[in-house]
Amino acid sequence: MSGTTLGPWAVTPEFSHQQLVPKLGIQLVRCEPGLVIGTMPVDGNRQPVGIMHGGANAVLAETLGSLAAFLHTGPGGHAVGLDLSCTHHRWVAGGTVTGECRPLHEGRTSATYEIVITDSSGRRTCTARLTCAISVRARSRGVLRTA
């Protein structure tokens with residue numbers, strides 16, 4: 001699989017067949033600074049009793065938050081998750097969930113995002129918060145430095 005992307009980022013070709021996002025059925029709806037939105041089906045992402053697996057919510061949240069952090073860093077920047085917390089408010093037994101990610105803080109060395117996941121009726125099912133360590137490359141007076 002050559003040329004695989006996740007939003008605006010190219011996936012390293014040697015790992016393109018090992019990506020979790022397509023395995024969970026995550027689809028990006030919007031990917032721009034200040035707002036990243038994605039959907040995920042409940043089918044294929046259930047726990048043994050038949051409801052949405054909390055870990056699937058966490059993957060959706062971290063995917064959207066990480067993309068937001070990469071948008072913040074810009075070309076040549078890097079982001080890696082440091083802390084993820086998820087509060088599951090209600091279970092979902094079918095349909096599709098939608099995650100909306102918005103920044104709470106975007107600085108030079110860290111960025112924090114809130115990801116609200118809702119069911120197909122628009123009810124909040126999970127609230128997540130992701131903090132990423134970021135590295136933004138900037139040129140200043142001819143010197144390349146990493147923040």
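Of the 27 residues in the largest nonpolar core, seven touch the most other members: Met40, Met52, Leu60, Val97, Cys101, Tyr113 and Ile115. A nonpolar core is a set of buried Ala, Val, Leu, Ile, Met, Phe, Trp, Tyr and Cys residues joined through side-chain atoms within 4.5 Å. Buried means under 20% relative accessible area, exposed means over 50%, and partly exposed lies in between (1.4 Å probe, protein chains only). This is a predicted model, in which local features need pLDDT of at least 70 and side-chain atom pairs count only at pLDDT 80 or more, while totals for chains, interfaces and linings use all residues. Residues are numbered from 1 along each chain as its sequence is written, and side-chain values use heavy atoms, with hydrogens and water left out.

- Helix 2 provides the largest share, 7 residues.
- Helices (H or I, at least four residues) and strands (E, at least two) are DSSP runs, numbered from the N terminus.
- In soluble globular proteins, nonpolar side chains tend to be buried together.

**The sheet as a whole**

- An open sheet holds 6 strands in the order 3-4-6-7-8-5, with antiparallel pairing.
- Two strands pair if DSSP finds at least two bridges between them.
- Strand 3 (27-32) and strand 5 (78-88) stand at the edges with a single partner strand each, so one side of each has no neighbour in the sheet.
- From one strand to the next, the twist averages 20°.
- For such angles, axes are lines fitted to C-alpha atoms, for helices over the stretch in contact, and values run from 0 to 180 degrees between N-to-C directions.

- Strand 3 and strand 4 (residues 35-41) run antiparallel and are joined by 5 bridges.
- Glu32 has Leu35 of strand 4 as its bridge partner.
- Strand 4 and strand 6 also run antiparallel, with 6 bridges between them.
- Here Pro41 stands opposite Thr96 of strand 6.
- Strand 6 (residues 96-106) pairs with strand 7 in the antiparallel sense over 8 bridges.
- A hairpin links strand 6 to strand 7 through 3 residues.
- Across this pair, Glu106 faces Ala111 of strand 7, and Arg102 stands opposite Glu114.
- Strand 7 and strand 8 (residues 124-135) run antiparallel, joined by 9 bridges.
- Glu114 has Arg129 of strand 8 as its bridge partner, while Ile117 stands opposite Cys126.
- The hairpin of strand 7 and strand 8 has 5 residues between the strands, and Gly122 in it takes a positive phi near 85°.
- Strand 5 and strand 8 pair in the antiparallel sense over 10 bridges.
- Thr87 has Thr127 of strand 8 as its bridge partner.

**Buried strands**

- In strand 7 (residues 110-118), 7 of the 9 residues are buried, so the rest of the structure largely encloses this strand.

**A loop residue**

- Ala93 lies in the loop between strand 5 and strand 6.
- Ala93 counts as partly exposed because its relative accessibility is 41%.
- Ala93 and Val42 are 51 residues apart in sequence, and their C-alpha atoms are 7.0 Å apart in space.

**The largest pocket**

- The largest pocket has a volume of about 370 Å³.
- On a 1 Å grid over the protein atoms alone, a pocket is an open set of points where a 1.4 Å probe fits, with protein on both sides within 12 Å along at least five of seven lines; lining residues have an atom within 4 Å of a point.
- Grid points are joined across faces, edges and corners, and a volume is the space filled by probe spheres set on the points.
- The lining has 14 residues, and Leu6, Gln19, Ser66, Leu67 and Phe70 lie nearest the pocket centre.
- Strand 2 (9-10), helix 1 (20-24) and helix 2 (54-73) each supply at least two lining residues.
- Helix 2 gives the largest share of the lining, 6 residues.
- By class, the lining has 9 nonpolar, 4 polar and 1 charged residues.
- Ala, Val, Leu, Ile, Met, Phe, Trp, Tyr, Cys and Pro count as nonpolar, Asp, Glu, Lys and Arg as charged, and the others, Gly among them, as polar.
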